Amino acid sequence: MLVGRRLAIGALRSAVDGAVGGAGGVVLLAGEAGMGKTALASEAVAYAKARGAETMWGTCWEGDGAPGFWPWIQVVRALATEGGDAGEGVLAELTGVTEERGGGVLGDESAIRFRTYDMASTYVRRRAAQRPLVVVLDDLHWADVSSLRLLVFLARQLHDTAALVIGTYRDVEVMVSDHPARPLLAELAGQAELIRLPGLTADEVGELIEKVCGERPQAPLIQAVHDRTAGNPFFAQQIARLLAAQGVPLDRALVAGVPPAVGDVVARRLARLPGTVVDLLAVASVVGRRFPIATVAAPPAHQPRRRCRSPTVPSAPPSWSVTNPATSGSAMICSARSSTTGCRPPGGRRFTSRWPG
Ligand SMILES: Nc1ncnc2c1ncn2[C@@H]1O[C@H](COP(=O)(O)OP(=O)(O)OP(=O)(O)O)[C@@H](O)[C@H]1O
Ligand SMILES: [Mg+2]
């Protein structure tokens, strides 16, 4: 049972209702890792099933080796298994078997691509005409470009069908300027309902802790967890499990340390940042959330001789909000992202500091 998310659940349910009533479309769920995108999509799938819809799930693959159209291949394969032989032809088209068997020239690349999109979307529309259909495409930030193009193609054709596609993606990852999915997701956003997931409120974090620990936490503990996690449900859940593992009543439990799973998420995000930004964050992490610029520009006593170049910091007011990476990844990465994308905060200026040895 999910905590909070009333608006997102309401929007997803009404999109499902719309599809069941013949007015389909695309809903995009965007948010950082652990915000609850997959959990919300699962909630929508359960609701869709209860409303009599057929539901299919395709998940994008992070690593190398997945074929093009991978999430769609999973969906069409599952649909084909459920019945009807047209699915086999579409599957063959998506996996490229048709071209290999044909052996001949089937047309130029864009014509082949168009034919593939047309076959797949016609199939989805036909299936939805038989029974309302809800498709989840999870983790679109890892999708191949062909899969996203097919989604853009299909999105234009769903308004008068009983098909809903729910796509989830980590917006923080896609916002990196050279991410291949970025332009296609931006194009899709014009034709889809976009639901951005913010952090849970402090009250909701309290509810989540209570669910995990079986005990209502006191306000200061709730606030401490909310501060550390910025309301990220996954982070909050992991910290709550650490609290529960201490085996003492919550009013004696300490919010200390970083749960290993949270550390992994933060480390993966740091790994994508330029070294100089990570250096800056390392300094900022021991200072606290808000601090004068001079504090992070000053040489830490233990730091070896090095030079720190931070692309962007605000000139006024002379403070910069960074969150301790040991306590929360989200706000920290938000700040860091501004730097990596070259998007300056209001009044921002280029900033260079030297740490003399
Ligand atoms: N609103 C919520 N209430 C309770 N638990 C939640 C809520 N949202 C997410 N969770 C829990 O937090 C964890 C992470 O959620 P989920 O996997 O849906 O995140 P995600 O956004 O899909 O992350 P990722 O980008 O890594 O796939 C799961 O265990 C999920 O059950
Ligand atoms: Mg997920």
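Predicted model: local features only at pLDDT ≥ 70, side-chain atom pairs only at ≥ 80, totals over all residues.
1. Two packed helices are described by the angle between their axes and the distance between the axes. Here α3 spans residues 70-82 and α7 spans residues 145-155, and their axes come within 8 Å of each other while crossing at roughly 60 degrees.

2. D138 is buried and yet takes part in no salt bridge, since the nearest side chain of opposite charge, that of K37, lies 7.0 Å away. What does the side chain of D138 join in a polar contact? The partner is the side chain of T168, at 2.4 Å. Leaving aside residues up to four places away in sequence, D138 touches T38, W57, G58, T59, C60 and T168.

3. Side chains of opposite charge can pair when their charged atoms come close. Over the whole structure, a search finds 12 salt bridges. One of them is formed by the side chains of D17 and R51, with an N to O distance of 2.8 Å. Because D17 sits in helix α1 (residues 6-20) and R51 in the loop between α2 (37-50) and β2 (54-59), this pair ties together parts that are 34 residues apart in sequence. D17 is partly exposed, with a relative accessible area of 29%, and R51 is likewise partly exposed, with a value of 38%.

4. The side chains of E173 and R272 also meet in a salt bridge, at 3.6 Å from N to O. E173 lies in helix α8 (residues 171-174) and R272 in the loop between α13 (260-271) and α14 (275-285), so that the pair links parts 99 residues apart in sequence. Is E173 buried or exposed? E173 is buried, at a relative accessible area of 12%, whereas R272 counts as partly exposed at 44% relative accessibility.

5. A further salt bridge joins the side chains of R216 and E210, at 3.3 Å from N to O. R216 counts as partly exposed at 42% relative accessibility, and E210 counts as partly exposed at 32%. Returning to the pair of the previous point, R170, E173 and R272 are joined into one network by salt bridges that share partners.

Key: Residues numbered from 1 in each chain as written. Chains lettered and ligands numbered in written order. Heavy atoms only, no water. Buried < 20%, exposed > 50% of the residue type's maximum accessible area, 1.4 Å probe, protein only. Lys, Arg positive; Asp, Glu negative; His and termini not counted. Salt bridge = Lys/Arg side-chain N within 4 Å of Asp/Glu carboxyl O. Polar contact = N/O pair within 3.5 Å; in protein donor to acceptor, adjacent residues only side chain to side chain. Contact = heavy atoms within 4.5 Å. Axes fitted to C-alpha atoms, helices over the stretch in contact; angles between N-to-C directions. Helix = DSSP H or I, 4+ residues; strand = E, 2+ residues; numbered from the N terminus.
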